[in-house]
Structure formats: C-alpha cells, structure tokens
Amino acid sequence: MFDSVSPGPDPGITLTAIPRPGPGTGPADGVPLERLEAQICELAGHLAAATCRFLVLLGEFDVRRGWASWEMNSCAQWLSWKCQLSPGTAREHVRVARALRDLPVLRAEFGAGRLSYAKIRALTRIATPDTEQGLAEIAGPMTASQLDRFARAHRQVTHADDDTARIRRRLTWRFEGDGSLAGTFRLPPLQGAVLLQALRAAAGDLEHPHDGAAGGVPAGTPPAGLPMRCW
C-alpha cells in the first residue's frame, strides 16, 4: 500500500469529498443511464480536483526538496519509488506540478474540476502567467485530444518565431582600416530582400557619387578602426 500522511488544507483549492459506496453496493444495472452518466462525470470532476491537490502538494514537496532526505537524485525518482509510478509518468507529474506553481488561473480551474489533468498537462507546456487566462477559456470546449494538437502546433509556431528572432540578430558589420565597410548577415527572406535592395541601391550610388565628396571619400565615413557592431 502507499505510504500516506494527512495533508493540511490548501486555501487555494476546495475539494469536495468523494462519495463512497455503501456496504453491499452491487452493479449499477438498475440505475438509469442518465443518472449513471451524471455520476461518471461528477466523479471525473472529483478525480481532477484530487489530482490537482496531489500536484499542488507535490510541487511544494519538490521546492522544499523533501525527496533529498531519502537520498534520491530528483523528485521524480522519489515519486516513482514512493507512489509506484513509472519513471516517465513521474517526470511528467513533477513537470506539471512545477508549472502550476506559477499558473494560478489554470490551477484554480483544475482544482474546481473544470479542466482535466490531460488538458492541464497540454496547457502547462505553452501557458505563461500572461497567457493562461485566454488559454483556459479556449480549452473548455475542446476535447483533450484537440487541445493536445493545439498545444503541439502552438509550440511549433513559437519555436519557429524564436528561430526567426535568432536569425534576425545575425547581422554584424565593421569599418576596416582603409575605411571600407565589411560585414556578414543572415536574414529571413523578406528582411533579406529589403537589405539586398538597399545594398544594390548603395552600390549604384557609389558608381555615381554625389557632387561635393571630398577626396573621393563619401561624406560621413567614420574613422578607421571602429569596433564590430551587431544587430
């Protein structure tokens, strides 16, 4: 059996007691289907709330490094051993528990049983304190499978945007000792086309310099030896 303690109340989560079947309770063959369905959905909400409570406690246990007293290497390792979870499941539980500490809106929806663990697991991969409110609203009418696909697509787009941002920063230049300009760049197609057009225009301007340039050196040429600049 699991080793267990009686946790104290968590002010952020209200957990309704799960009704227990009385003695002698047998199969629900005589229960109307509508009532059976309602009971299943009600218990699903209780399971979500209980799982949220479990993860809130796990997050607190993790941040206080309770697992270290057992000479474990991580909270996930302790959880796998102590609560009989597979290593992969334990790692995912710890990841979600850590994420929920910074996501009060999702934590409240989860604790109220309005969002399942499957949905919370997907949302915690993409949510931030600034976006969790909107994500919680769109997650409600979605199925867990739909939300999982949405989160996957969201991450792909975000990663692509991050890659583009990194590419934009790869533009460097410097003025050589003879006053000439040298540099390297790598830009997305649209920004690259703009830069190329500007370079071509500058090259054409050099072929037909404006009047008034002193000594063949374009006005505004900086002193030699200026350091490399990056954008």
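Modeller: The largest nonpolar core has 31 residues, and those with the most contacts inside it are Leu55, Leu58, Leu106, Phe110, Ile120 and Leu123. Such a core is a set of buried Ala, Val, Leu, Ile, Met, Phe, Trp, Tyr and Cys residues joined through side-chain atoms within 4.5 Å; buried means under 20% relative accessible area, exposed over 50%, and partly exposed in between, with a 1.4 Å probe and protein chains only. This is a predicted model, in which local features need pLDDT of at least 70 and side-chain atom pairs count only at pLDDT 80 or more, while totals for chains, interfaces and linings use all residues. Residues are numbered from 1 along each chain as its sequence is written, and side-chain values use heavy atoms, with hydrogens and water left out.

At least two core residues come from each of α1, α2, α3 (87–100), α4 (104–111), α5 (117–123), α6 (132–139) and α7 (144–168). The largest share, 6 residues, is given by α3. Helices (H or I, at least four residues) are DSSP runs, numbered from the N terminus.

Turning to α4, its buried residues are Leu106, Phe110 and Gly111. They line one face of the helix, because they fall within an arc of 130° when seen down its axis, the arc being that of the directions from the helix axis to the C-beta atoms. These buried residues pack against α1, α3, α5 and α6. Ile120, leaving aside neighbours within four places in sequence, is in contact (heavy atoms within 4.5 Å) with Leu106 and Phe110, and also with Val96, Leu100 and Leu115. After α4 comes Gly113, with a positive phi near 80°.
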